[in-house]
Structures are given as C-alpha cells and as structure tokens.
Amino acid sequence: MSEVIFKSVEFIKKPAAHQQNTLESIEGTVKEIINAVRQNGDVAVRQFSEKFDNAFDVELEVTADEKQEAVNSLDPQTREDTLFAIEQVRKFAQAQLATMLPLEVENLPGVHLGHKIIPIERIGAYVPGGRYPILSAPVMTIVPAKVAGCDEVIACLPPGAHQAMIAGCHLAGADRIFRIGGAQAIAAMAYGTDSVPAVDKIVGPGNAFVNEAKRQVFGQVGIDQLAGPSEIFIVADETADPAMVACDLLAQAEHDIHTRVGLITTSKNLAENTLSQVNIQMQELATADVASKAWSDFGEIVLCPNENAMHAYSDYVAAEHLQIHTREPHETAKKLRNYGSLFIGENASVVYSDKCCGTNHTLPTMRAGRYTGGLWVGSYVKVCTHQWMEQSGIERVAPPAIRQSQTEGMEGHRKAAEYRLRRDPR
C-alpha cells in the first residue's frame, strides 16, 4: 500500500536523509543505569544525577515547604493560566471518565457477566525538563490520574527543572515530587528505592534515554507509550491560508531539532506559497536555530493528485498532531483514521491543545497512531471482567466446556467443569 501511495505523490520539499540510528548505544547505556538503580537504589540515583545533571548534594524529594515556595514564586498571571489549564484538562477527563461505565449482563439464563472500572493504585509521572519549561506537561500527566481516582501519583522531574514545573506538579495534584531525571528516574519508579516508591504504571514523555528506559522496564510496570520527537502534519486544499499553515508548522518545529513537520495538499499553489512563507517567517522567528534545523532535516511538503491520495498519505504518516485546513473540514475528518489527535478546521491550532484547551497533548508518534490513541483518563484505570453463575447457568455452559476439554485432552479442566454439574469428580 505504501509503495502505491508514494508513487502517486510529488514532494515539493523532501525531508533530508535520516541520520544513522544510535539506538544500540542508548540501549546499552540505559541498561547499565537501570541495573545500577535496581542494585544500589538512591546511591546510584544520586551518582547519575551528578554525572548527567551536575546535581550535587540535592535532596531527592521536594519538601512541602519547597512546593509552596515554588507556587508562591509563580508570576500571578502564570499561576492563573496554569490553574486554567488544570481546570480544562480536569473537566474533559471527567467527561471522558463518565463514558466508562461498569457493566452487568445476563448472557444466558443464570450466567452473569460484567466488568468494573478500577483505578490503578500508584502512577509514576515523568515530567521532562527539555529545551523549554513546558508548563502544561505535568498538567497532562497528573490531572487525569487524579480524576481517575488513582491512590497516589509520584512525579519525577530533572534536578535543574524550572521552579514553575515543581509548582505545576503540585497544583496538578502530585502526591510526591522527586528531583530525578532521565533513565534513572524511570528505573527508580519501576523498581523502587529507599526514597522512591515503586509504581504500577509510568506515564509521560521524555528524551531518547527516557523512552528507552520505559521500553526496558515495561512488564515490571505498565507504560503509556513509547513516544519519539513531536510531529505535526496539515491536510489542506486550495482554500487554506499558506501564511497560517507555515506559522503552525514552525510553531511545532521549534520544539526540537528532530521534530517532524509536514503539509499534505492537493494544491500546488498552496504547496509553493507555504514553502515561501516558511522561509519568510523563519527569518523573524526567535527560535529559528531549532526550527530551521527541524525544517531542513524533517520538514516535507507533499503534493497529492486528488483527495483520496491525500487522505491515504495522511493515514500512512499517522501523525501525532493532524490539522485539517480544507473547504469542508468536518467532512474531511470523517475520511481519516490514523492520527494521535485531530484538529478540525483552521481555528483549531495544535498550540491550544498543547497548552490548555483540555485534550491531552501526550500523543502517539512514529506512526503509532495506526494502533493507539494518546494519553487519556482511561490510561489510568483497568477494565476488569467478572462472572458469577446460578445452577441454571451451569447447566448451559458445563456440557460444552466438558466436551471441549475432552477434545483438547485436558483432564483437569474436564473434571473441574463436570464437578459443578454432577457434584462428582470421578
């Protein structure tokens, strides 16, 4: 399918050849970090904090006084905006949770089946430091956990993180906050140390080392997803505004030099004008040192011969953030299926979701939108089934269960099924 798609499109701007993969070296380094933390706990955590973060003699856990100090140090407008974002994310998470209902059905007379919605007991939220202090990051990972009813949320963020990030963790509802970053934070939350309790599931984005650590500890704990650098693609026709399209592409490109940004369109005029606008707007962008590298290496503009090809290429890309700038954006939305989050119409900018409108910005990248959605309140609960039976139900299900067990040669299963029917195990 992908070969057919690629043959039908024209690249007005191609991404540069991808750089050689360094995952093998990252994998080995992370394995050593995880093993050291498992064996030596806090001692290893402190050693890695000194080595990677230049953090010496730093208390691992943020005290109650320090949390309050971080909140008090917030600019009043920043605090108000943070609380606004928390409230929007909370309201949407509450609405989502309301759609998840317990179930009780009588499938056959006397056969009662159901499920319960059970909050995960302890969540570990990794809050990245990164190039910028992303104030919405703790909101997106912590607030849904509290809405879901998780007993405890443990937050880890790099020792050098901005004070506003500590404040954000506290305001969002983190029960405990630790100054631990990188793979060592993931290892500490997965296996526990004298200071950090072991969690049941780890959520939140991070760099390549954090991502690899989450991959390696999966099984010991649950994880939300393996996320790569940020992505935005825009599906557009001739009605789109090239200046707006370029503006949105550059907004995402400033995240990281590895950000993938692209336009998928049926209009050659839009494609060429967007390329021109990117170059013009780049000259006035304060973060052009980052955005220009991302655009040069990973930016693409794809011209498709028709709408079907545009939709097919978009579904192939399965972008983390997918904006729709077409004449009938809601109609276009109905024809797309692979994405992390969908932004319908030119008014729906990714930046609103990134910051404060209510949907979660922790989303699948690297084409994972083909098989999963992003972080949401459902990521913090388990849907666990149960069953109970009356004698009339046993009389319906025992005979086929006995016969199936006999066919499979599973004598113990046959006896267990038969016991309840005949009250005779022989």
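This is a predicted model: local features need pLDDT of at least 70, side-chain atom pairs count only at pLDDT 80 or more; totals for chains, interfaces and linings use all residues.
Residues are numbered from 1 along each chain as its sequence is written; side-chain values use heavy atoms, without hydrogens or water. Local features need pLDDT of at least 70 and side-chain atom pairs pLDDT 80 or more, whereas totals for chains, interfaces and linings use all residues.

Helix 16 spans residues 391-408. Helices (H or I, at least four residues) and strands (E, at least two) are DSSP runs numbered from the N terminus. The 18 residues of helix 16 reach 25 Å from first to last C-alpha, close to the expected 26 Å (1.5 Å times one less than the number of residues). A kink of about 35 degrees lies at Val397, shortly before Pro399; the bend is the angle between axes fitted to the seven residues ending there and the seven starting there. Just after the helix, Gly409 has a positive phi of about 75 degrees.

Gly393, Ile394, Ala398, Ile402 and Ser405 of helix 16 are buried (under 20% relative accessible area, 1.4 Å probe, protein chains only). The buried residues pack against strand 3 (111-119), strand 14 (381-389) and helix 17 (411-422).

The largest nonpolar core has 39 residues. Such a core is a set of buried Ala, Val, Leu, Ile, Met, Phe, Trp, Tyr and Cys residues joined through side-chain atoms within 4.5 Å. Helix 6 (137-148) is among the elements that each supply at least two residues. Its share, eight residues, is the largest. Ile142 is one of the residues with the most contacts inside this core. A second, separate core of 29 residues includes Ile33, Ala36, Ala187 and Ala188.

Note on methods. Buried means under 20% relative accessible area, exposed over 50%, partly exposed in between (1.4 Å probe, protein chains only). Contact means heavy atoms within 4.5 Å.
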